[in-house]
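Here are my notes on the model you asked me to look over. They go from the whole chain down to single residues.

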Amino acid sequence: MEALDDIEALLLLLILLRHGVTENARIQCEFTENAKRQQSARQREREQRTRDSQKRIEEARRNTLEKERKLRQAMQDYEVEDKCLAAKKRCLKDFCTAAEALLVPEQIRFPNQEKFAEMSAYYENRWGIPHCVGAIDGSHIPIIAPQEYHCDYFNRKGWHSIILQGVVDGRGLFWNVFAGMPGSLHDARVLRLSTLWELATRGNHFPAQTRNIGGVSMGYYLLGDSAYPLQNWLLKPFQDTGRLTAEQQTFNRKFSRGRVVVENAFGRLKGRWRCLLKRNDSDLPLVKSMV
């Protein structure tokens with residue numbers, strides 16, 4: 001009986017051992033399978049990262065090549081544009097040179113004695129100002145800051161410019177111009193640097209024809225604003241100190257109506273040639289010639 005019990009116990013032990021070996025084998029198999037799957041997943045992940053890295057490298061290479069292509073194209077376009085700009089500047093310079101030599105002497109003529117008499121009569125009939133032959137003023141033409149002495153061209157309005165001084169008749173037609181002085185100069189200084197001042201102060205500019213006005217023998221003269229110096233050939237309004245007489249106030253009103261013709265002339269000039277309103281980026285000598 002005891003032997004039978006030992007056999008049963010042995011059998012039970014064998015069954016348990018067999019079950020344990022089988023379970024261990026199963027666990028070992030599952031572990032191996034899991035390890036293989038994890039290894040395969042890591043392999044796939046590494047391959048995916050490699051593909052992504054290669055894709056990014058290829059995309060970066062394409063972007064670099066595209067940027068290089070655009071840069072080369074931009075440089076080629078710039079070279080073409082630069083050549084075109086240089087050609088345009090040469091054409092513009094040639095045109096301005098021809099205009100200065102041929103058109104300016106024809107269109108902006110110094111009046112003869114008959115023309116002075118005609119201009120004087122027009123001023124007197126239009127505004128009641130006797131023996132006046134024109135009005136003078138200056139206008140600023142915007143430019144890019146020059147490389148040399150750029151501070152001299154910085155005007156009181158806060159930008160760089162050259163000054164165009166003009167003299168017009170009663171109809172607003174220019175008959176004397178002087179251009180190119182730095183924008184920082186005062187109107188009176190520009191006038192003193194012009195040929196108009198030199199000729200007029202020597203008495204060689206206006207015909208020697210006088211007229212008695214209010215008991216004073218007057219020759220031909222111009223109208224200028226208060227910035228200009230008072231000369232026998234250049235009148236300016238009375239300075240308004242608040243104590244002007246009625247006659248002085250009347251004179252200033254007529255004076256203002258007669259002088260505003262030059263401001264209107266500059267307005268029409270810049271309205272017709274809009275480039276005079278915008279900053280000119282050309283070289284300074286060319287800008288002076290253009291103006």
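1. Overall make-up. This is a predicted model. The protein chain has 6 helices and 7 strands, and from the N terminus on their order is α-α-β-β-β-α-α-β-β-β-β-α-α. Of its 291 residues, 29% count as buried. Among contacts between residues at least 6 apart in sequence, 59% join residues at least 24 apart.

2. Cysteines. The structure holds 0 disulfides.

3. Helix α4. This helix spans residues 195–202, and its buried residues are Leu-196, Trp-197 and Ala-200. Because these residues cover an arc of only 95° around the axis, they sit on the same side of α4. The partners they pack against are the strands β1 (132–142), β2 (161–168), β3 (174–182) and β6 (221–223), together with helix α3 (187–193). After α4 comes Gly-203, which has a positive phi, near 80°.

4. The second largest pocket. Its space comes to about 320 Å³. The lining is made up of 15 residues, and those that lie nearest the centre are Ile-129, Ile-213, Tyr-221, Leu-235 and Phe-251. Two or more residues each come from β5 (216–218), β6 and α5 (246–272). Which of the elements gives the most to this lining? Helix α5 does, with 3 residues. By class, the lining has 12 nonpolar, 1 polar and 2 charged residues.

5. Asn-252. This residue belongs to helix α5, the element that gives 3 residues to the pocket lining in point 4. Is Asn-252 buried or exposed? Its relative accessibility is 16%, under the 20% cut-off, so Asn-252 counts as buried. Neighbours within four places in sequence aside, Asn-252 is in contact with Pro-237, Phe-238 and Leu-244.

6. Gly-183. The loop between β3 and α3 holds Gly-183. With a relative accessible area of 3%, Gly-183 is buried. Not counting residues up to four places away in sequence, Gly-183 touches His-140, Asp-152, Tyr-153, Asn-155, Ser-161, Ile-162 and Ile-163. Ile-143 is 40 residues away from Gly-183 in sequence, and the C-alpha to C-alpha distance between the two is 9.6 Å.

7. Asp-225. This residue lies in the loop between β6 and β7 (234–235). Asp-225 has a relative accessible area of 18% and, since the cut-off is 20%, it is classed as buried. With neighbours within four places in sequence left aside, the contacts of Asp-225 are Asp-137, Lys-236, Pro-237 and Arg-259. Pro-237 is also in contact with Asn-252 from point 5.

Key
Residues numbered from 1 in each chain as written. Predicted model: local features only at pLDDT ≥ 70, side-chain atom pairs only at ≥ 80, totals over all residues. Heavy atoms only, no water. Disulfide = S-S within 2.5 Å. Buried < 20%, exposed > 50% of the residue type's maximum accessible area, 1.4 Å probe, protein only. Helix = DSSP H or I, 4+ residues; strand = E, 2+ residues; numbered from the N terminus. Arc of directions from axis to C-beta. Contact = heavy atoms within 4.5 Å. 1 Å grid on protein atoms, 1.4 Å probe; cavity = no way out; pocket = protein on both sides within 12 Å on 5 of 7 lines; lining within 4 Å. Points joined across faces, edges and corners; volume = space filled by probe spheres on them. Nonpolar A, V, L, I, M, F, W, Y, C, P; charged D, E, K, R; others polar.
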